[in-house]
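Colleague: I am new to reading models like this one. Please take a close look with me at the surroundings of the ligand, and then help me place them in the rest of the chain.

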Amino acid sequence: MKEPTEKTTGKSPYWSKRVAGLEPYTPGEQPRDRRYIKLNTNENPYPPSPKVLEAIRAAAQEDLRLYPDPTCLALRSAIAARYGLPGADWVFVGNGSDEILAFAFAAFFGSRDRMERRPLLFPDITYSFYPVYADLWDIEYETVPVTEKFEIDTAHYRRPASGVVLANPNAPTGRALGKGALTELAAFHQQEQNVLLIDEAYVDFGAESMADQVQRYDNLLVVHTLSKSRSLAGLRVGYALGQPDLIEGLRRIKDSFNSYTLDRLALAGAQAAIEDREYYDAMAAKIEATRENTRRALEEAGFEVIPSAANFIFIRHPERPGAELFQALRSRGILVRHWNKPRISEYLRVSIGTDEEMESFVRICRGNT
Ligand code: PMP
């Protein structure tokens, strides 16, 4: 398929001030020019559970003419049961966790009278959508530097703020924080009456989840996605766990925007995914094993590999510039992610594919070092 040509000038007299000032997020490439081994957007290399496909097929029928359930009650109840939460009012679902993050920024970090001029805090190296949401909603924020080796010191977040957002494991580094440090931070910000949002998009690949802490901390919001460990990036479903008043905050934003963010097929597929725990636990274990094999092979080939608890690794070679390695891999049919940004321009983020895909990747890395 040919790319449509986009002939735009980057400005328009018809744009609102808000639109003119936006600097939107750039998603990873979804190429159409040839077949690649796609290790650039942290998708899962394995198919979703057969039960998910079955549920979606069963939902593809005549009643698509009817709107879906705007409260998504069956899915929210299944998620509550999965995490041992008292009920569906502890769960919010959205069109991908990106949508939930966008809603959460608006719901909890926008101007609250008391909070005038206190910044929202998140790391300098993290998911690059966070500053985009903050700018979209005019939220003041400050980034907190990670260490040279990309560690997050939660002590730096124990200060007056309007809220804190941490991805755990962090992206694009893969580094994970322990539960002890995060519960301390939740307690501190509960005193301060600030929301602590933990984005656990990659938590199922070996990090400790804060999901079981939401009953203790009324300021804690834990956000998950079905795009990674549930192999459903194409279905667009995410969920948030928190106390009913936080969930209500998200619902107020959603119902001021679009009542039906999840369609009937997504609702059916997502519920089947949540319920097929056995299939997905085995898949996550397999990806973790592939990650560790890849790490060992790369280290033997002279690469530095940041310790990862995610389905990707963040790597650097001491002699080969990141941009050059990225191009060398691309020309050999392997797509990874590279950012031309301060602190991380020598690194590549590499999603974990199948064993065969990772062997091809390592082979090319070896040949070029
Ligand atoms: N959080 C993080 C840290 C991510 O890397 C991603 C994936 N780009 C998301 C959230 C969003 O995932 P999705 O919208 O597919 O649920």
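This is a predicted model: local features need pLDDT of at least 70, side-chain atom pairs count only at pLDDT 80 or more; totals for chains, interfaces and linings use all residues.

Let us begin with the place itself. The ligand takes up the space of the largest pocket. Around it you can find 13 residues, and the closest of these are Ser-97, Asp-199, Tyr-202, Thr-225 and Ser-227. The biggest contribution comes from helix H4, residues 96-109, which gives 4 residues to the shell.

Now zoom in on individual atoms. In the side chain of Thr-225, an N or O atom is 2.5 Å from an oxygen atom of the ligand. Asp-199 has a side-chain N or O atom 2.7 Å from a nitrogen atom of the ligand. Tyr-127 also takes part: an N or O atom of its side chain is 3.1 Å from a ligand nitrogen. How much of the ligand's surface does the protein bury? Taken alone, the ligand exposes 400 Å², and the protein buries 92% of that.

Next, step back to the whole chain. You can count 11 helices and 12 strands in it. Its radius of gyration is 21 Å, close to the 21 Å that the globule rule gives for 369 residues, so the chain is as compact as a globular protein of that length. Along the principal axes, its C-alpha atoms fill a box of roughly 55 × 50 × 50 Å.

Finally, here are some backbone details to look for in the loops. Between strand E5 (163-167) and helix H6 (179-191) runs a loop that holds Pro-169. A cis peptide bond joins Asn-168 to Pro-169, with omega about -5°. Pro-172 lies in the loop between E5 and H6 too, and the peptide bond from Ala-171 to Pro-172 is cis, with omega near 5°. Another loop, between strand E1 (37-38) and helix H2 (50-59), contains Asn-42.

Key: Residues are numbered from 1 along each chain as its sequence is written. Side-chain values use heavy atoms; hydrogens and water are left out. A residue is near a molecule or strand if one of its heavy atoms lies within 4 Å of it. A polar contact is a pair of N or O atoms within 3.5 Å; within protein, one must be able to donate a hydrogen and the other to accept it, and residues adjacent in sequence count only if both atoms are side-chain atoms. Accessible areas come from the Shrake-Rupley method with a 1.4 Å probe; for residues, only the protein chains shown count as cover. On a 1 Å grid over the protein atoms alone, a cavity is a set of points where a 1.4 Å probe fits but cannot get out, and a pocket is an open set with protein on both sides within 12 Å along at least five of seven lines; lining residues have an atom within 4 Å of a point. A molecule sits in a cavity or pocket if more than half of its atoms lie within 2 Å of its grid points. Helices (H or I, at least four residues) and strands (E, at least two) are DSSP runs, numbered from the N terminus. The radius of gyration is taken over C-alpha atoms; the globule rule is 2.2 Å times the number of residues to the power 0.38.
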